[in-house]
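Hi everyone, thanks for making time today. Please have the sequence and the 3D view ready, and we'll walk through them together.

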Amino acid sequence: MSVMDVVASMLGAADIKDVFTTAPARRTCTTPIVVQAAEFEQIAEGKHARHWTALVPVLVVAEGAMEDYHRARMCSRALNERDWHGLDAEDVDVLGMVAGMPSYRGTDSGGYFIWRVDARLT
């Protein structure tokens with residue numbers, strides 16, 4: 001299981017629908033939640049110097065700005081409230097996770113609103 005799959009499964013466990021790890025075709029789902037590839041960064045100093053962090057962006061797409069923001073807040077809340085203890089992602093132990101507040105990213109070519117929630121895993 002990849003780090004993206006861990007985040008996607010946590011959202012699914014919170015009963016959030018239409019979660020994907022790759023963007024679906026518009027005819028498949030017009031308002032997806034897409035968990036993107038993680039950006040890894042090694043902690044450089046201190047007692048945790050062997051550890052890495054992963055920044056996993058979650059994009060929330062919707063037809064209306066407020067609907068979209070509400071869904072993005074649900075994702076943020078779900079990631080912050082889910083039990084991440086014992087999660088295992090491809091030989092990587094998840095020691096902690098924090099999800100930020102949604103940030104507005106504009107609209108796509110079809111006029112759908114996009115919000116981003118960053119999940120940081122250690």
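So, to begin: how many helices and strands are there in the protein chain? There are two helices and nine strands, taking helices (H or I, at least four residues) and strands (E, at least two) as DSSP runs numbered from the N terminus. Read from the N terminus on, the order is α-β-β-β-β-α-β-β-β-β-β.

A quick word on the source. This is a predicted model, where local features need pLDDT of at least 70, side-chain atom pairs count only at pLDDT 80 or more, and totals for chains, interfaces and linings use all residues. Residues are numbered from 1 along each chain as its sequence is written, and side-chain values use heavy atoms, with hydrogens and water left out.

Now the chain as a whole. Of its 122 residues, 40% count as buried, meaning under 20% relative accessible area with a 1.4 Å probe, protein chains only. Among contacts (heavy atoms within 4.5 Å) with a separation of 6 or more, 55% join residues 24 or more positions apart.

Let's look at helix α1, residues 3-13. Its buried residues are Val3, Met4, Val6, Val7, Ala8, Met10 and Leu11. In general, an α-helix has 3.6 residues a turn, so residues three or four places apart point the same way. After α1 comes Asp15, with a positive phi near 65°.

Finally, please find Ser76 in helix α2, residues 65-81. Why does Ser76 count as buried? Because its relative accessibility is 2%. Beyond its neighbours within four places in sequence, Ser76 is in contact with Ala99, Gly100, Met101 and Val117.

Definitions and conventions
Buried < 20%, exposed > 50% of the residue type's maximum accessible area, 1.4 Å probe, protein only.
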